[in-house]
Amino acid sequence: MRCRIIHTLLIKRKRFSGDFLTGLAYLVIFPSWLSYVFWNRGIGDIGATRGEIYTHLIPLSGGVFSLVFLNTTLETFHLVSALLIVFGIWLCSKTPQQA
C-alpha cells in the first residue's frame with residue numbers, strides 16, 4: 001500500500017483538490033497538534049491521576065462529532081454509552097466522604 005501511495009505521489013504527480021488539502025490541514029492542526037497542546041496543559045493543571053479519568057471522553061467526543069459532521073443517526077447504544085461514560089467520570093471525580 002505504501003508503494004502505491006509513493007508511486008501516485010512521485011510518478012503520476014496527481015494534483016490534489018482543495019478539499020483534500022483543507023482536510024489534510026485540519027488533520028495536521030487540530031487532532032494532531034492542538035489536541036496535544038491542550039492535553040498537556042490540562043495534565044499540567046490538574047495532574048496525571050485526575051487527567052486520566054477524562055481520556056474516556058475521547059470516544060464520546062468522537063461519537064458527537066460523527067453525529068454533527070458525518071450525519072450519522074443517533075442510536076440507543078450512543079445514548080447508553082454516553083450515560084455510562086458520564087456516570088463513570090462523575091463516580092471517579094467525586095470526593096470520598098469521611099467516615
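This is a short walk through the structure, from its overall fold to a few single residues.

The model is predicted; local features need pLDDT of at least 70, side-chain atom pairs count only at pLDDT 80 or more, and totals for chains, interfaces and linings use all residues. Residues are numbered from 1 along each chain as its sequence is written, and side-chain values use heavy atoms, with hydrogens and water left out.

Start with the fold. The chain has five helices and zero strands. Along the sequence the pattern reads α-α-α-α-α. Helices (H or I, at least four residues) and strands (E, at least two) are DSSP runs, numbered from the N terminus. Of the 99 residues in the chain, 7% are buried. Buried means under 20% relative accessible area, exposed means over 50%, and partly exposed lies in between (1.4 Å probe, protein chains only).

Where do those buried residues gather? The largest nonpolar core has five residues: Ile53, Leu60, Ala82, Ile85 and Ile89. Such a core is a set of buried Ala, Val, Leu, Ile, Met, Phe, Trp, Tyr and Cys residues joined through side-chain atoms within 4.5 Å. Helix H5 gives the most to this core, with three residues.

Now look at H5 itself. Helix H5 covers residues 76-93, which is 18 residues. From first C-alpha to last, H5 reaches 26 Å, close to the 26 Å expected at 1.5 Å a residue. The expected span is 1.5 Å times one less than the number of residues. In H5, Ala82, Ile85 and Ile89 are buried. Seen down the axis of H5, its buried residues fall within an arc of 65°, so they line one face of the helix. That arc is taken over the directions from the helix axis to the C-beta atoms. An α-helix has 3.6 residues a turn, so residues three or four places apart point the same way. On the other side of H5, Thr76, Phe77, Leu83 and Leu84 are exposed.

What covers the buried face? The cover over the buried residues of H5 includes helix H3 (48-53) and helix H4 (57-69). Ile85 gives a close-up. Leaving out residues up to four places away in sequence, Ile85 touches His56, Leu57, Pro59 and Leu60. Contact means heavy atoms within 4.5 Å.

Move on to H4. Its 13 residues should span 18 Å at 1.5 Å a residue, and its end C-alpha atoms are 18 Å apart, which agrees. Across the whole structure, a search finds two aromatic pairs. In one of them, Phe65 and Phe69 form a tilted pair, 5.9 Å centre to centre with 40° between the planes. Rings of Phe, Tyr and Trp (its six-membered ring) pair if their centres lie within 6.5 Å; planes under 30 degrees apart count as stacked, over 60 as edge-to-face and the rest as tilted. Phe65 and Phe69 both lie in H4, four residues apart, about one turn of the helix. Phe65 is partly exposed at 47% relative accessible area. Phe69 is exposed at 60%.

Ser66 is also in H4. Is Ser66 buried or exposed? At 16% relative accessibility, Ser66 counts as buried. Beyond residues up to four places away in sequence, Ser66 touches Asn71 and Thr72.

Just after H4, Asn71 takes a positive phi of about 55°, although Asn71 is not a glycine. At 64% relative accessibility, Asn71 is exposed.

Finish on helix H2 (residues 18-46). How many salt bridges does the structure hold? The structure holds one. The side chains of Arg41 and Asp45 form a salt bridge, 3.3 Å from N to O. The term means a side-chain nitrogen of Lys or Arg within 4 Å of a carboxyl oxygen of Asp or Glu. Arg41 and Asp45 are four residues apart in H2, so about one helical turn separates them. Arg41 is exposed at 57% relative accessibility. Asp45 is exposed too, at 56%.
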